[in-house]
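Below is a set of questions and answers about one structure.

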Amino acid sequence: MKSIGGVDFVLLSHCHVDHIIGLDALKRDYPDAKIYIGTSDLEGLYNTYINYSFERVISEPFVIECEVLPVYEGTYNLAGNSIKVIPAAGHSPGSSLYYFEDSGLLFAGDSVAFGGIPRYDLPNSSVPGIFESLMRIKNLSLPPSAEIFFGHGEHMKYSDMISTYKIFTEPLDFYVKLQDGTSCR
Ligand SMILES: [Zn+2]
């Protein structure tokens with residue numbers, strides 16, 4: 001990262017341990033970098049239950065030490081980038097998507113998963129919230145060239161995702177199966 005000029009800011013999609021565990025090291029290397037997260041996920045940075053590190057699947061119980069600032073719905077200008085913050089409570093209460101308006105890149109975190117539904121079985125996950133957020137993601141009016149990047153896995157064209165993923169083409173079917181606890185990919 002030093003070779004490309006450093007780090008001005010970090011936008012956290014949400015507070016789960018696999019998305020925050022490198023933060024303190026990054027902040028040590030780039031002390032001027034500002035770090036942001038959706039306001040309802042701030043608590044999870046300091047709570048091993050909410051950030052899911054208590055399960056010891058990925059790490060020992062973990063909380064961060066560095067300062068993190070809250071973001072809210074709206075458009076921010078960070079280091080010359082116009083970035084739309086799109087709240088998407090569900091996978092976690094403060095999950096947020098970030099849309100870089102000039103480059104047409106949408107960073108979705110775990111609010112929608114590559115291949116289908118995000119996990120809804122984690123502490124503070126909410127099935128109705130996930131559904132509502134997916135409908136919000138579906139109704140974003142983004143240009144045809146927009147690309148979506150997931151928290152895990154590949155990236156793809158936003159329009160391809162909307163036109164092929166069952167969670168967007170058959171949302172009610174998806175919702176019923178979600179409430180039953182059956183998978184619907
Ligand atoms: Zn997650």
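Q: In which loop does Y30 lie?
A: The model is predicted, so local features need pLDDT of at least 70 and side-chain atom pairs count only at pLDDT 80 or more, while totals for chains, interfaces and linings use all residues. Residues are numbered from 1 along each chain as its sequence is written. Helices (H or I, at least four residues) and strands (E, at least two) are DSSP runs, numbered from the N terminus. Y30 lies in the loop between helix 2 (23-29) and strand 2 (34-38).

Q: Is Y30 buried, partly exposed or exposed?
A: A residue is buried if 20 or more other C-beta atoms lie within 10 Å of its own, exposed if 12 or fewer, and partly exposed in between, with C-beta atoms placed from the backbone. Y30 has 17 other C-beta atoms within 10 Å, so Y30 is partly exposed.

Q: Which residues does Y30 touch, not counting residues up to four places away in sequence?
A: Two residues are in contact if their C-beta atoms, placed from the backbone, lie within 7 Å. Y30 and G6 are 24 residues apart in sequence, and their C-alpha atoms are 7.1 Å apart in space. With residues up to four places away left out, Y30 touches G6 and V7.

Q: What is the order of the six strands in the open sheet?
A: Two strands pair if DSSP finds at least two bridges between them. Strand 4 (74-78) and strand 9 (155-157) are the edge strands, each pairing on one side only. The pairing in this sheet is mixed, and the order is 4-5-6-7-8-9.

Q: How many residues of strand 4 are buried?
A: Strand 4 has five residues and lies largely in the open, because the number of them that are buried is zero.

Q: What is the phi of A79?
A: Most residues other than glycine have a negative phi. A79 is found in the loop between strand 4 and strand 5, and it counts as exposed because it has 10 C-beta neighbours inside 10 Å. The hairpin of these strands has two residues between them. A79 is not a glycine, yet its phi is positive, near 50°.

Q: Where is R56 found?
A: R56 is another residue to look up by its backbone angle: its phi is positive, about 60°, although R56 is not a glycine. R56 counts as exposed because it has 12 C-beta neighbours inside 10 Å. R56 is found in the loop between strand 2 and strand 3 (69-71).

Q: Are helix 3 and helix 6 roughly parallel or roughly antiparallel?
A: Axes are lines fitted to C-alpha atoms, for helices over the stretch in contact, and angles run from 0 to 180 degrees between N-to-C directions. Angles under 35 degrees count as roughly parallel, over 145 as roughly antiparallel, 65 to 115 as roughly perpendicular and the rest as oblique. Helix 3 (residues 127-138) and helix 6 (residues 171-180) pack at about 160°, with axes 10 Å apart. The two helices are therefore roughly antiparallel.

Q: Which residues in helix 6 do V127, F131 and M135 meet?
A: V127, F131 and M135 belong to helix 3. Their partners in helix 6 are P171, Y175, L178 and Q179.
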